[in-house]
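Hi,

Here is the structure I said I would pass on.

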Amino acid sequence: MRFTLIVFLLLMLFGGCAEKQEQDYVIGFSQCTGDDEWRRAMLDGMQREFAFHNNTRLIFKDAHANSRVQVKQIEELLQSGIQLLIVSPNESDPLTPVIEKAFKRGIPVVVVDRRTSSPYYTAYVGGDNYQVGKTVGDYTAALLNGYGKIIEITGLPRSSPASDRHRGLADALATRPGIRRVATLNGQWEKDIAKKELRKALPRFPDIDLIFAQNEVMAMGAREVCNEVFPDRKIHVIGVDGLPGQFGDIQMVFDGHITATALYPTGGEEAARVAMNILQKQPYQKENLLQTAIIDSSNVRMIKMQTDKVISQQNDIERQQTRIDEQLEIYQTQRGLLYVMTGLFIVSIILGSVALYSLIENKKINRELNSKNKEILVQRNRIQDIAEKAQEATESKFRFFTNISHEFRTPLTLILGPVEELLRQKNENPAVRKNLSLVQKNAGRLLWLVNQLMDFRKIESGKIRLKVSGNDIVAFIRELMLPFDPVARKRRIDFRLITTLPALEVWFDRDMMDKVFFNLLSNAFKFTSDWGHIYIHVSSAGDSVIIKVQDNGSGLSEMDIAGAFEMFYQGKNSIKGTGLGLPLSREFVELHQGTITADGKKDEGATFTVTLPLGVAHFQPEDIADPAVGITERAVSWTTAEAETEEQSATMPRHDLPAVLLIEDNEDLLAFVTGLLQGQYQVTTATNGRAGLDLCFDIVPDLIVCDVMLPGMDGLQITTALKGDMRTSHIPVILLTAKNNPEQLVEGMQVRADMYITKPFSPQYLQESLRSLLANRLLVRSAQVGQGITDTDTGLSRLDKKFINQLRTLILSRLADPGLTVESLGKEMGLSRVQLFRKTKALLGGGTNDLILNLRLEKACILLRNPDLTIAEIADQTGFTSQSYFSTVFKNRFGTSPKDWRLVQS
Ligand code: FRU
């Protein structure tokens, strides 16, 4: 806004400085001839006048006394876009059309000296030629005292001055009969032509008194010819023009070469003035006749003085003009300079303002920045405080965890000790042994985790110390592999050491390396499926030994590889756990100045590579220890326990017990619950959701215990699927979850789970829950066999009620059919024989055949009340193949024959 104002003021200033320019004019001047002094004087006069108007430009054309050339030149001038034409036509008639054309086109035409033969011109400026002729005639008469002979030399006869002057002379002489014009010669305004003509004529007139030449050049020529032809005679010569200057005819009069001359002004200044008046729309006269006078010995001195004065003044004027031009040029230059300076001044003002503005803005910004900086500083300090507090909090949490972990060690040891003791006592009861192994395995695992935490703490506080010894790495690895062999065997995992080295001494801390490789192997086993492979490659390269643990398990994503060794990193699939094992391993390996890297691709297995430097030189003397530290017992005990647990789980099922399906992905928990329920139930297990659901449809268990968090399909989805299917809708479902989360509880209830138990749970509570759920099922069977189930009956789902009603209707409609079998019923209900049997048994307490039989007997009882029907007919109508079979079955059920029963009832 501010700049716009400045620019506006500048424009005003420049506008004010600029002069008020007159309009520019282009004027064409067509001269019939420019070859003589008179014409030059005309042009000078014109230019002197135009010099007062510096907005005019004069285009000058010289036709060199050629009319055709002059016509052409005028055409050119018209085409060049002149605004006014000044013309002195060489001859009247040949020039008239083109001059008329210019005039009619609207271009003002100023005719000078010689006239056209038409009235179509804007103004005329020139001497009065008739008067010139007349004046000369009168003067001649007086000079010759009324008697004498004269010769006239004319200009171009077709040019107006020639004819007008001739006419004026004739008129003057007409009244002077004593004066005789003996000859009229055509000198065509040219000296040489005049001389030529006179030379021819003069000898014929030896008594000639006077020669009148119509212009000064011809007069000069006449004098020369007279001197040639009659050198002894004084013949008067009279000219026209009255040109001043050294070579003009005034000088000739003054010198006595010619007698007199008639003043014929060129009219250059006057023509220019008239032209400017026309162009500037000022008043002007159309006819501007210039006066004539005779110059002879009587007045020539004075006139010469005057003309000389005029010439000198003109010279002065010209000099002044030149100086003015020079001054003007200087002025122009200075004005230009002034503009430039002013421009520069203004630009510097603008730049100065901009700089000032920027300075102020900068100061403002700086002030803002400073205050922001202060704010940031305050915030940074606050953040630092918070970070420090957070650090302190983390530290104290970590300390707390370490301490508490430390506290765990004693009780864990106290658990592990007695358990080991009990296991050593060779307790025969396999269930007890199994549970003891489980306790041992999990207490061992807890101890391992606690130790890891403690190790970390030691590393962090720099308290951990290396105790390296020289060991055969190959033997060490073999030893380490031993405890994993049973698991590998059981899970059909190809687990082997691949090396070409018979032995290789490597210096390391056995305890630490044991932890490193145990960790890597545990991970490998965790993420490798049954029938997979885990290879350990040991090789040496240069000064290092390279140990690779390679598996073809679930692999590592790029993110896993990047985060594998970060503390507490928990991968999506492959690196799940506490997030401590691998970072700890790295710390241990790096203490040995070695490296550990992870490699692999998702679903394409993982390879962990440990590189350790060979030799002992890289260790400090205090790092060296006795090579007698054994590998930990813990590793052996858990892996063995795992294998044992798995093996023991294969117990023989007992078909008379209620069937329970356990769906749980944590194999330890699965084994534990299995052990808990074995003996009282037929236990079937599944470790993922999809397999669990398939099993449900296959075996139609009496009860399902299902974890919520499961791979493949979660517990909620399984429950929804079961409860929405006729085949399984009746099965009670207990959902187990580690998350004591009320929202999940609600979700569990929404999918119609029958019970929701949160981990950790009391085994007794679980067992009681199972028992009560199954007992409730039996209560529901109060929906007696013979009666339909109504909507108001509780305890059964809508699907189950529908099932019972459908089954009952189906059986009743086919009661008389002895071929009514479970298969045919199942087919009609869309269920397999087993599914129908299981469902019927679960809902109604007996098998499908029992139900059919009950319904037959119920109907038989009703029919027996009708005395019109024989026993045989009743047996037939209730689908018994014979009366005797009917009687046997009836008697078995009611303790009396149908016949007796009828008697009692009636
Ligand atoms: C010059 C001139 C003059 C004369 C005039 C007539 O060219 O011959 O001497 O007066 O022209 O047009």
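Predicted model: local features only at pLDDT ≥ 70, side-chain atom pairs only at ≥ 80, totals over all residues.

On the H24 side, Phe803, Gln806, Leu807, Leu810 and Ile811 take part, and they meet Leu825, Glu828 and Met829 of H25. Sorted by class, that contact has six nonpolar residues, one polar and one charged.

As for how the pair is arranged, two packed helices are described by the angle between their axes and the distance between the axes. H24 covers residues 798-813 and H25 covers residues 822-829; they pack at an angle of about 130 degrees, and their axes are 11 Å apart. That angle is why H24 counts as oblique to H25. If you want the hand of the crossing between H24 and H25, it is right-handed.

Next, have a look at arginine 165. You'll find it in helix H6, which runs over residues 160-174. Is arginine 165 buried or exposed? With a relative accessible area of 1%, arginine 165 is under the 20% cut-off, so it counts as buried.

What does arginine 165 touch, leaving out residues up to four places away in sequence? The list is Asn129, Tyr130, Val132, Gly133, Trp189, Gln214, Asn215, Val240 and Tyr264. For glutamine 214 there is a polar contact to point at: its backbone oxygen lies 2.3 Å from a polar atom of the arginine 165 side chain. Glycine 137 is 28 residues from arginine 165 in sequence, and their C-alpha atoms are 9.7 Å apart in space.

Most residues other than glycine have a negative phi. Tryptophan 189, however, has a positive phi, near 70 degrees. This residue is in the loop between strand S7 (179-186) and helix H7 (191-201). Tryptophan 189 has a relative accessible area of 10%, so it is buried.

Valine 700 is another residue other than glycine with a positive phi, in this case near 40 degrees. Look for valine 700 in the loop that joins helix H20 (689-699) and strand S22 (703-707). Its relative accessibility is 1%, and therefore valine 700 counts as buried.

Cheers

Notes:
Residues numbered from 1 in each chain as written. Heavy atoms only, no water. Axes fitted to C-alpha atoms, helices over the stretch in contact; angles between N-to-C directions. Helix = DSSP H or I, 4+ residues; strand = E, 2+ residues; numbered from the N terminus. Parallel < 35°, antiparallel > 145°, perpendicular 65-115°, else oblique. Left-handed = near helix turned anticlockwise from the far one by under 90°. Contact = heavy atoms within 4.5 Å. Nonpolar A, V, L, I, M, F, W, Y, C, P; charged D, E, K, R; others polar. Buried < 20%, exposed > 50% of the residue type's maximum accessible area, 1.4 Å probe, protein only. Polar contact = N/O pair within 3.5 Å; in protein donor to acceptor, adjacent residues only side chain to side chain.
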